[in-house]
Protein chains: 2
Amino acid sequence: MTIAEVCKKVGLTPDTLRYYERIGLIPNVSRTAGGIRSYTEYDCGWIEFIKCMRGAGVQVEALIEYVKLFQQGDSTASERKQILIRERDRIAEQLLEMQNTLERLNFKIEKYETDLRNAEKELQSITNSKE
Amino acid sequence: MTIAEVCKKVGLTPDTLRYYERIGLIPNVSRTAGGIRSYTEYDCGWIEFIKCMRGAGVQVEALIEYVKLFQQGDSTASERKQILIRERDRIAEQLLEMQNTLERLNFKIEKYETDLRNAEKELQSITNSKE
DNA sequence: CTAACACTTAGAGTTAACTCCAAGTCAATA
DNA sequence: TATTGACTTGGAGTTAACTCTAAGTGTTAG
């Protein structure tokens, strides 16, 4: 796959993909004779994983660390697991915070709704009394 | 309340509070005769609201817009409501994405656990067969 | 009264994560 | 074969949201 095809498939820009590769997030992308990137399905798997993690707010730095350990082989498995646990816990915490905020916003929106309804009613009763 | 007291109370730095005020997120903070900020409970309410929204990833730009409308009075109520709805929907969407990622991470972590257990078992059986 | 310390301002600096640019190369088509 | 358009690289620029600095003022403990 070319970079354009991968971009269409996963929804990232070529610049972002090249950036991710440059900083070590997508290991071993091979090239054609002319030096053009040629992505395998395996590469796409990585990209998709990275995209998913980034979408949940996992920092690039943590992902670089993970990929680096991955490339060092099986002996780093438990260290990698620790990274995943750490990031999982972060996401879980952030999730709670967002759930609270969501609830708070829902209350506030509801309050706006009743207030706006009441204001309209009042307006109408004034209009009516004038007739 | 002084800026230091508010900071301790809500968990923000003085720099951040001054920054928020400067860009219009905390309206009408009054000063002492000497020009030092003196926060009311009402101010703290705003700050706490802003902190909550920021904690859930609501952009400063959206909050500035909201505060500006708020200061313009009742006539902006429905416009303000629209902002809250928009941000609520964003948070809800982000929440879903994070829940998916959380699940994915949990699977991955579990896989690491079984793999590591198996590796250890294998190691042990080799050790045993040598004895 | 003075030393020490918190506060003030305007504005510069930092950080993360892209995003864009210039100059050049490669592939396909008229 | 020439041109068009996607690709390459290294490096500069951008954006959001702080965070820090410098130079000065106010407040309080000894």
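Contacts between residues 24 or more positions apart account for 52% of the contacts in chain A with a separation of 6 or more, two residues being in contact if their C-beta atoms, placed from the backbone, lie within 7 Å. The model is a predicted one, in which local features need pLDDT of at least 70, side-chain atom pairs count only at pLDDT 80 or more, and totals for chains, interfaces and linings use all residues. Residues are numbered from 1 along each chain as its sequence is written, while chains are lettered from A and ligands numbered from 1 in the order in which they are written.

The secondary structure of chain A consists of five helices and two strands, arranged from the N terminus as α-α-β-β-α-α-α; helices (H or I, at least four residues) and strands (E, at least two) are DSSP runs, numbered from the N terminus. Chain A is more spread out than a compact globule, because its radius of gyration of 25 Å is well over the 14 Å that the globule rule gives for 131 residues. The radius is taken over C-alpha atoms, and the rule is 2.2 Å times the number of residues to the power 0.38. Along the principal axes, the C-alpha atoms of chain A fill a box of roughly 85 × 35 × 20 Å. Of the 131 residues in chain A, 17% are buried (20 or more other C-beta atoms within 10 Å of the residue's own, with C-beta atoms placed from the backbone).

Mean pLDDT, the predictor's confidence in each residue from 0 to 100, is 93 for chain A, and 98% of the residues score at least 70.

The contact between the chains takes 29 residues from chain A and 29 residues from chain B. On the side of chain A that touches chain B, α3 (41-55) and α5 (77-130) of chain A each supply at least two residues, and α5(A) gives the most, with 25 residues. By class, this side has 15 nonpolar, six polar and eight charged residues (Ala, Val, Leu, Ile, Met, Phe, Trp, Tyr, Cys and Pro count as nonpolar, Asp, Glu, Lys and Arg as charged, and the others, Gly among them, as polar).

Around DNA strand C there are 20 residues, of which A:Tyr19, A:Gly34, A:Val60, B:Ala4 and B:Arg37 come nearest; a residue is near a strand if its C-beta atom, placed from the backbone, lies within 6 Å of it. The largest share of this surface, three residues, comes from α2(A).

Conventions
Buried ≥ 20, exposed ≤ 12 C-beta atoms within 10 Å, placed from the backbone.
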